[in-house]
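This report asks to be read alongside the sequence and the model. It moves from conventions to chain architecture, and then to the contacts between chains.

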Amino acid sequence: MNNEKQLSEAESLELITSMIQKVKASYHESGTSAILWGVVVALASFLVYASITFDFTLPIEPFWLVFIAIVPQVYFSIKENKINKVKKLEDAAIDTVWLVYGLSILLLVMYANIAPAISEKFAKQEGWQLIKHYTNGSKADEKIPPFIPSIYSLYILLYTFPTMITGIVKKFKPMIIGGIVSYVLFIVSCYTTFQYDMLIGTVVAIICWLIPGLILRAKYLKQRKSSNV
Amino acid sequence: MFKDLDPILHSQLRLAVISLLIGVKEAEFTFIKEKTNSTAGNLSVQIQKLKDAGYIEVEKQFKDNYPLTTCSITKQGIEAFEKYVKALQGYLHTNKK
């Protein structure tokens, strides 16, 4: 490009437009993070559903998988940042949204694990406890620990949040559709038991991340193939 | 004809650099060089001019033992670019009449 070339008004505008287009075309998202996250959350949710349905005990808490998945997630994120020589403003904002989402998930897990035990402690201090009472008298009353009703619905709601933002900001229809369907499934999950909430969570992970991730991956491979030709 | 246009921006390579940076948070020197089809020497000179004008920020660091130069547009650069585009549109509008 010759710096000293005298530009006309039209040429200047044309140059500006072409440079903006070049930036748009330069960014490639491999979809790896979305696929990984989708598989891990779907698998963890489904394992819990299966363990309740088929009455077996899992050797490890399946949501440890979610935590384990954070490590490769960070690795892929750093790798993608290295490949991309340019960082868009929208991507910087979306990265922050996902970071806040990760932190919120972590804190929600903490809440789900701490709140019932603390509630039980407070109840004990006040001198009362929760009792499961069968109204038809078929079974004897039993003492139960405090619990958060339909907790997984909150996770589903939280899963939808960054997906919708990413879809809307990037104008990526599969994620917008995934987000809308997940909001509907969140409402459905309010009416279902924990067991089916886990099944709904599996579907949400597939439509929010796995399918959009596979679409991104296919696009990425196609782009890479065409740029290598 | 173009006496109202910012002389810093009204040059092919500098305008290309600013146009690339306007929509991004930051871009590597090699990316700008590739997209503007310029030589490293010429680009360095023009980037320095944009930096001296306060339109861009240049950060130099090392990545995997190689020097890495990253450029980003400043608030002043955004304002200058917007003013430049407005002036261009004004010229085009006048020419159409």
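The sections below describe the model in turn.

## Basis of the model

This is a predicted model, in which local features need pLDDT of at least 70 and side-chain atom pairs count only at pLDDT 80 or more, while totals for chains, interfaces and linings use all residues. Residues are numbered from 1 along each chain as its sequence is written, and chains are lettered from A and ligands numbered from 1 in the order in which they are written.

## Architecture of chain B

Chain B contains four helices and three strands, where helices (H or I, at least four residues) and strands (E, at least two) are DSSP runs numbered from the N terminus. Along the sequence these elements follow the pattern α-β-α-α-β-β-α. The C-alpha trace of chain B spans about 55 × 25 × 20 Å along its principal axes.

Of the 97 residues in chain B, 34% are buried. A residue is termed buried if 20 or more other C-beta atoms lie within 10 Å of its own, exposed if 12 or fewer do, and partly exposed in between, with C-beta atoms placed from the backbone. Among the contacts in chain B with a separation of 6 or more, 55% are between residues 24 or more positions apart; two residues are in contact if their C-beta atoms, placed from the backbone, lie within 7 Å.

## Strand pairing within and between chains

Strand β2 (residues 56-63) of chain B pairs with β3(B) in the antiparallel sense over eight bridges; two strands pair if DSSP finds at least two bridges between them. Within this pairing, B:Q61 stands opposite B:L68, and B:K63 stands opposite B:Y66. The hairpin of β2(B) and β3(B) has two residues between the strands, and B:D64 there takes a positive phi near 50 degrees.

Strand β3 (residues 66-73) of chain B is also joined to β1(B), by two bridges in an antiparallel arrangement. Strand β1 (residues 24-28) of chain B is in turn joined by three bridges to strand β1 (residues 86-88) of chain A, again antiparallel. B:A27 takes part on both sides: its partner in chain A is A:V86, and in β3(B) B:A27 stands opposite B:C71. A further bridge links A:K88 to B:V24.

## The interface

How many residues of chain A are in contact with chain B? There are 21, and they meet 26 residues of chain B. On the side of chain A, the elements that give two or more residues are α1 (9-26), β1 and α4 (89-126). The largest share, nine residues, comes from α1(A). By type, this side of chain A divides into 11 nonpolar, three polar and seven charged residues. In this classification Ala, Val, Leu, Ile, Met, Phe, Trp, Tyr, Cys and Pro count as nonpolar, Asp, Glu, Lys and Arg as charged, and the others, Gly among them, as polar.

## Nonpolar cores

A nonpolar core is a set of buried Ala, Val, Leu, Ile, Met, Phe, Trp, Tyr and Cys residues joined through C-beta atoms within 7 Å. The largest has 26 residues, of which B:V17, B:I18, B:L20, B:L21, B:A27, B:I32 and B:I56 touch the most other members. The elements giving two or more residues to this core are α1 of chain A together with α1 (12-21), β1, α2 (29-36), α3 (40-52), β3 and α4 (75-96) of chain B. Its largest share, seven residues, comes from α1(B).

A second, separate core of 25 residues includes A:V41, A:Y159, A:I206 and A:C208. Returning to B:L20, and not counting residues up to four places away in sequence, this residue touches A:M19, A:K22, A:V23, B:A27, B:I32 and B:K35.

## Helices of chain A

Helix α5 (residues 151-170) of chain A has 20 residues and should span 28 Å at 1.5 Å a residue; its end C-alpha atoms are 30 Å apart, which agrees. The expected span is 1.5 Å times one less than the number of residues. Buried residues in α5(A) include A:Y152, A:Y155, A:I156 and A:Y159. Just after α5(A), A:K171 takes a positive phi of about 50 degrees.

A:L103 lies in helix α4 of chain A and counts as exposed because it has 10 C-beta neighbours inside 10 Å. The C-alpha atoms of A:L103 and A:K170, 67 residues apart along the chain, are separated by 22 Å.
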